[in-house]
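Have the viewer open as you read.

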Amino acid sequence: MRTRWLVAMSMFFAVSTPAAPDQAQVERGHTVYDKWCFPCHGTGPGKPGTDSLRQRGQNPAVLEERTDLNASMIRFYVRHGVLFMPTFRKTEISDADLDAIAAYLTRNNKK
Amino acid sequence: MTMRVPPGVTPSTFSAALEQFEKAVGRNWVFTSDDDMETYRDSYSPFWHEQADRIPSAAVAPDSVEQVQAVVRIANAYGIPLWTISTGKNLAYGGSSPALSGSVVCDLKRMDRIVEVNDKNHYALVEPGVSYFDLYRYIQEHRLRVWIDPPDPGWGSPVGNSLERGGGRTPMGDHFASVCGLEVVLASGEVMRTGMGALPGAQTWQQYKYGFGPYVDGLFSQSNFGIITKMGVWLMPEPEAYREGRVSVPKHDDLVPFVDTLSYLMNSHIVRGTMLLESPVLGYRQSQGGSVLDLPGGPSIAETEAIGREKNLAYWSMLLHFWGPPRVIDAQWEYTKEKFRAIPGASFQDGRAYGFPVELGETDNVQRVYLGIPNLSVFALIAGGQGHMDFSPIIPMTGEAVFEVLKVFGSAYAEMGVPPKNQFFALPWTFFPRSFVLLFGLPVTHNIEQNRENRKVFQRLVEVAAQHGWGEYRTHVAFMDLVRSVYSWNHHALGRLHETIKDAVDPNGILSPGKSGIWPRQLRRSRA
C-alpha cells in the first residue's frame with residue numbers, strides 16, 4: 001500500500017504542462033465519467049468517494065471541480081484502486097475511455 | 001514480466017491456449033500483463049502481500065455466446081481452468097479473483113446487452129455484463145413503468161448477484177427467487193436453455209420458471225457447473241406509492257413477541273421488503289465503548305433497560321416499508337400498528353412517503369435502494385478503510401435466536417481476546433423470507449498481521465456458528481472450503497452430490513475450480 005501511495009504521490013507532484021484538451025475528447029470524458037465515476041465521486045448525498053476525500057481534507061472534494069489532477073494520476077487510481085476504491089478493468093473502462101476521463105478531469109487545469 | 005501459468009499447465013501449452021483464445025475473441029480481449037492482472041485481483045483481499053493471494057494468470061473477454069462456447073472448448077482442449085465473472089464487483093466475497101490462483105478469468109463484462117424489458121408482464125432478459133445501473137438507465141430512458149431491485153452497491157449485475165443469491169431491499173429482494181430462465185454454456189461448449197426456454201419458439205421463457213421435468217436452475221447458482229450467458233429476471237411493477245413506519249418497543253424481552261409479530265406480518269405479505277433490526281439502547285452502549293454483543297461480564301439486561309429509560313431509548317426498533325396503492329399501504333401500516341400494540345409500551349412513528357414517479361431532491365436522504373434506484377452510498381460504511389469481508393450466517397427468525405446470537409458471538413470474541421468493535425451490523429436483517437441473516441463486516445487491510453488476525457476471527461466465527469446450527473448464505477473465495485466443510489450432515493452427503501455432478505458435467509474440471517468449495521476430481525486429490 002505504501003508503495004502505491006508513493007507512486008501516486010510522485011505522479012501528483014510531477015505535473016507537466018498539459019496540452020489543451022480536445023473538446024470532443026472532453027465531452028466523451030464527461031459521458032464516461034457520469035457513467036463510471038459520478039455515482040461515487042459526484043455531488044449530492046450518498047457519494048462515498050467525495051465524502052472520503054472531504055474527510056481527508058481535500059477541497060474541493062468533488063473530482064470534477066479540481067484543477068490539480070493530472071492524467072497519470074487518474075490512470076493510476078483507476079487501474080490500481082486506492083483505499084476502498086477497487087480497480088477498474090479494461091473491459092469496464094477502456095484505455096481510450098480512461099484517456100477521455102483524464103481529458104475531462106484536467107480540462108480546467110491552469111495552463 | 002514473468003509468465004504466470006495455471007497449475008499443472010506447461011508454459012508452452014499455455015502459450016498455445018492463449019493464441020487460440022486470441023483467435024476466438026480478438027487479440028485486444030486477451031490480457032496477460034502484470035498491470036492487467038492487477039485489475040483482476042481482489043481489491044478487498046484478506047491476503048494482501050501474502051503468497052496465498054489469488055492472482056489469475058490471464059483473462060479472456062468474449063463478447064457473444066458463440067465466443068463463450070469457443071473459449072470453453074479451447075479450455076477443455078488445453079486443460080485451462082476458467083474463473084467466470086460477470087461485472088466482477090463481488091467485493092467482500094472475492095471481487096473478480098479466482099479461488100484457484102493461476103486460473104484464467106473469463107470476463108463477461110463485454111456481454112452487456114439488455115435483450116428485453118417488458119413492463120406488462122414485468123421482467124427483463126439480460127446478459128451477464130449488464131449492471132444494475134445499466135438496467136435502471138435503460139428503464140428510465142424508455143419510460144418503462146417497472147422497478148429493478150438493486151443490491152446496495154449498484155455496480156454489480158443482475159446475473160452475478162442473483163446467481164450468488166444476493167439480496168436487495170424491495171419486495172423483490174430475494175434475487176435468486178426472481179430468476180426466470182437461464183441460457184447456459186456447459187463445459188462441453190454446448191449451449192442450453194432452462195425452463196420454458198427448452199421449448200423451441202417458447203413464448204413464456206421469462207413468465208414460467210419450471211418448464212417440464214427436473215428444475216435445474218438452482219444448480220447454476222453459487223456453482224461451477226456452467227457459464228450463464230442470458231438470464232431472465234422478474235421485475236416489480238412501478239408502485240403508486242411508498243411509505244415508511246417505525247415500530248419501537250421498550251424492553252429486552254419484548255423482542256420475542258416483536259419478532260413473532262414481524263414474522264406473521266411478513267409471511268402474510270403485509271410487511272414486505274428488507275428490514276434491519278435496530279437497538280437504540282445497545283447502539284448507545286456501543287457508542288460508550290461497550291458492544292452490541294453480550295460480552296461476558298458486561299452490563300445486565302436490567303442495567304441496560306435502565307439506561308434506555310434514562311436516555312429515552314427503545315430497546316428494539318425497526319423501520320418498516322410499504323409499497324403499493326396509497327389506500328392499501330395506509331391500511332397495511334394501520335394493521336401493522338394494531339398487531340404490535342399487543343406489546344405493552346410499543347410506539348410508532350410515521351416515516352417518509354412518496355408517490356411515483358418521483359423526482360428526488362439532492363437533500364432527500366431516503367435510502368434510494370428502497371425506491372429501486374441503484375447507487376453506491378453503502379460504501380460510506382467503510383469510507384477511510386481498505387475494504388471488508390462479510391461473515392453472514394442465516395439464523396432463525398425468532399427473538400430467542402437473536403438473544404443466543406448476541407451471547408454466543410460475544411463469548412466467542414471474549415475467548416479470542418479480540419474486541420468486537422469491527423462489525424458494522426451486529427443485529428439481523430430480513431433479506432430472505434422466513435429467516436434472519438447477519439452481515440458482520442470484518443475489515444481487510446494491507447497489513448499482513450491484521451489480516452491474519454481477522455482471518456482467524458472469521459474462521460472462528462464460522463466454526464462457532466456451525467456448532468449452533470447456523471451456516472453462511474455466501475462467503476468470500478478464501479473461505480469457501482471452510483464454509484463447505486461445515487455443511488457436513490450425513491458425512492457431507494450434499495457436498496458429495498455436488499462433486500458427483502461436477503465430475504459428470506465438467507469431467508476435465510475447467511469451470512471455476514473451487515467455487516463454493518467444489519473442486520474437480522484431479523484437484524480434490526491434490527488438496528486432500
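## The sheet in chain B

B:Ala59 sits opposite B:Val105, a residue of S4(B). Keep in mind that this is a predicted model. The strands around that spot are S2 (residues 58–60) and S4 (residues 104–107) of chain B, which pair in the parallel sense over 3 bridges.

Zoom out and you get an open sheet of 4 strands in chain B, ordered S1-S2-S4-S3, with mixed pairing. S1 (30–31) and S3 (82–85) of chain B are the edge strands; each has a single partner strand, so one side of each has no neighbour in the sheet.

## Two helices crossing in chain A

Over in chain A, H5(A) packs against helix H6 (residues 95–105) with the axes 9 Å apart and an angle of about 130°. That angle makes H5(A) oblique to H6(A), and their crossing is right-handed.

Who does the touching? H5(A) brings A:Ala71, A:Ile74, A:Arg75 and A:Val78, while H6(A) answers with A:Leu98, A:Ile101, A:Ala102 and A:Leu105. By class, that contact has 7 nonpolar residues, 1 charged and no polar ones.

## Where the chains meet

How many residues of each chain are in contact with the other? Chain A puts in 22 and chain B 30. On the chain A side, the elements giving two or more residues are helices H3 (38–41), H4 (48–55) and H5 (71–80). H4(A) supplies the largest share of that side, with 4 residues.

Conventions:
Residues are numbered from 1 along each chain as its sequence is written. Chains are lettered from A and ligands numbered from 1 in the order in which they are written. This is a predicted model: local features need pLDDT of at least 70, side-chain atom pairs count only at pLDDT 80 or more; totals for chains, interfaces and linings use all residues. Two residues are in contact if their C-beta atoms, placed from the backbone, lie within 7 Å. Two strands pair if DSSP finds at least two bridges between them. Axes are lines fitted to C-alpha atoms, for helices over the stretch in contact, and angles run from 0 to 180 degrees between N-to-C directions. Angles under 35 degrees count as roughly parallel, over 145 as roughly antiparallel, 65 to 115 as roughly perpendicular and the rest as oblique. A crossing is left-handed if the near helix is turned anticlockwise from the far one by less than a right angle, and right-handed if clockwise. Ala, Val, Leu, Ile, Met, Phe, Trp, Tyr, Cys and Pro count as nonpolar, Asp, Glu, Lys and Arg as charged, and the others, Gly among them, as polar.
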